[in-house]
Amino acid sequence: MLVPMPKTHETQPSGSLRHDWTQEEIVALFDLPLNDLLFQAHTVHRQHFPANEVQVSTLLSIKTGGCEEDCAYCPQSARYHTEVKAEKLMDVENVVACARKAKEAGASRFCMGAAWRSPKERDMPKLEAMIREVRALGLETCMTLGMLDETQAKTLKQAGLDYYNHNIDTSEEYYGEIITTRNFEDRLNTLEHVRDAGMHVCSGGIVGMGESVDDRAAMLRTLANLPQHPESVPINLLVKVEGTPLEQQQETDPLDFVRTIAVARILMPTSRVRLSAGREEMNDSVQTLCFFAGANSVFYGEKLLTTANPATEKDQALFKRLGIQTC
Ligand code: SAM
Ligand code: DTB
Ligand code: SF4
């Protein structure tokens with residue numbers, strides 16, 4: 001061990017963290033020889049986190065499909081013909097039953113996702129009940145419901161919501177190529193409401209949508225230069241779903257994905273970097289490199305929201321081979 005390590009980001013002083021990264025500095029990190037980048041990222045990782053620990057969250061789609069937004073990557077948009085069928089918001093008791101199973105399988109956080117542009121007022125009481133009951137099981141709670149206004153953010157916080165996931169997804173410059181039904185600033189406004197309400201922020205993006213290295217750098221710059229780093233930074237590899245506009249997108253070099261994880265780790269040393277969607281398409285060696293590069297959380301359980309994720313037993317076997325403890 002290099003340095004004695006505190007257990008979580010919450011025990012870290014934030015004074016040493018930077019919020020003034022320039023685009024040039026970040027692009028220079030992306031351009032490093034891979035070994036140099038990995039060495040730097042892994043060193044930062046060990047200075048701030050236990051080296052062999054991965055936090056695991058389980059996802060549940062509580063409201064699937066039929067979304068009015070046009071995100072080009074998303075199988076849940078009503079505009080594209082995918083295999084996803086629109087469903088109503090789930091009942092609280094079914095959500096709680098899924099949360100109980102997730103806890104039994106070893107998850108520490110339960111993340112409930114809804115295919116909405118933003119939640120409607122009529123849905124709030126049910127969402128609040130879900131938060132209260134999932135929390136009562138001893139799980140951390142997370143939701144991702146689209147854009148929130150200040151009042152909605154406060155209501156969710158009061159119900160006990162620990163984390164809110166709201167991804168910026170790509171750079172401000174590339175955003176309009178991917179989504180036209182809202183803009184980048186809308187996303188930042190919601191992140192501000194979440195932060196002001198006192199919740200932990202989970203925000204990241206997607207790699208592999210045809211964006212340039214400059215776009216990846218700009219996306220991470222936006223996250224790192226927020227007044228406070230998101231506590232959780234999910235980095236998703238695009239899942240190319242049939243029927244979506246990005247179905248035919250070119251394959252991403254896995255090592256470019258690893259680079260994005262490494263740069264996120266360097267820029268946001270005390271955040272949990274989450275190796276998110278796309279693990280089903282990655283072999284064990286690529287995932288191993290992601291963990292070495294500083295990823296220290298994953299989504300755990302056979303399904304993400306609508307697409308496949310590695311089976312629990314498969315993940316457990318990989319963690320065992322790597323000597324990784326989950327938390
Ligand atoms: N509707 C809400 C929203 O957009 O914020 C919450 C759910 S939305 C599905 C959550 C995130 O899932 C998106 O921001 C995106 O990063 C990720 N996502 C959706 N489809 C994906 C795909 N095909 N591949 C990778 N990530 C995807
Ligand atoms: C995040 O960054 N990735 C998760 C979670 N936050 C909500 C969602 C991935 C969704 C992948 C496509 C699907 O399963 O529908
Ligand atoms: Fe709707 Fe979210 Fe999918 Fe966009 S990413 S279409 S907002 S569910």
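**Terms and their grounds**

Guide: Cys111 is buried, its relative accessible area being 4%. The model is predicted, so local features need pLDDT of at least 70 and side-chain atom pairs pLDDT 80 or more, while totals for chains, interfaces and linings use all residues. Residues are numbered from 1 along each chain as its sequence is written, chains are lettered from A and ligands numbered from 1 in the order in which they are written, and side-chain values use heavy atoms, without hydrogens and water.

Visitor: What makes Cys111 buried rather than exposed?

Guide: Buried means under 20% relative accessible area, exposed over 50%, and partly exposed in between (1.4 Å probe, protein chains only). Cys111 has 4%, and is therefore buried. Cys67, at 8%, also counts as buried.

Visitor: Why is Val92 called buried?

Guide: Its relative accessible area is 15%, so Val92 is buried. Val92 is found in helix α3 (residues 92–105); helices (H or I, at least four residues) are DSSP runs, numbered from the N terminus. Val92 and Ala129 are 37 residues apart along the chain, and their C-alpha atoms are separated by 6.9 Å.

Visitor: How do you know whether Glu24 is buried or exposed?

Guide: Glu24 has a relative accessible area of 59% and is therefore exposed. Glu24 lies in helix α1 (residues 23–30).

Notes
Helix = DSSP H or I, 4+ residues; strand = E, 2+ residues; numbered from the N terminus.
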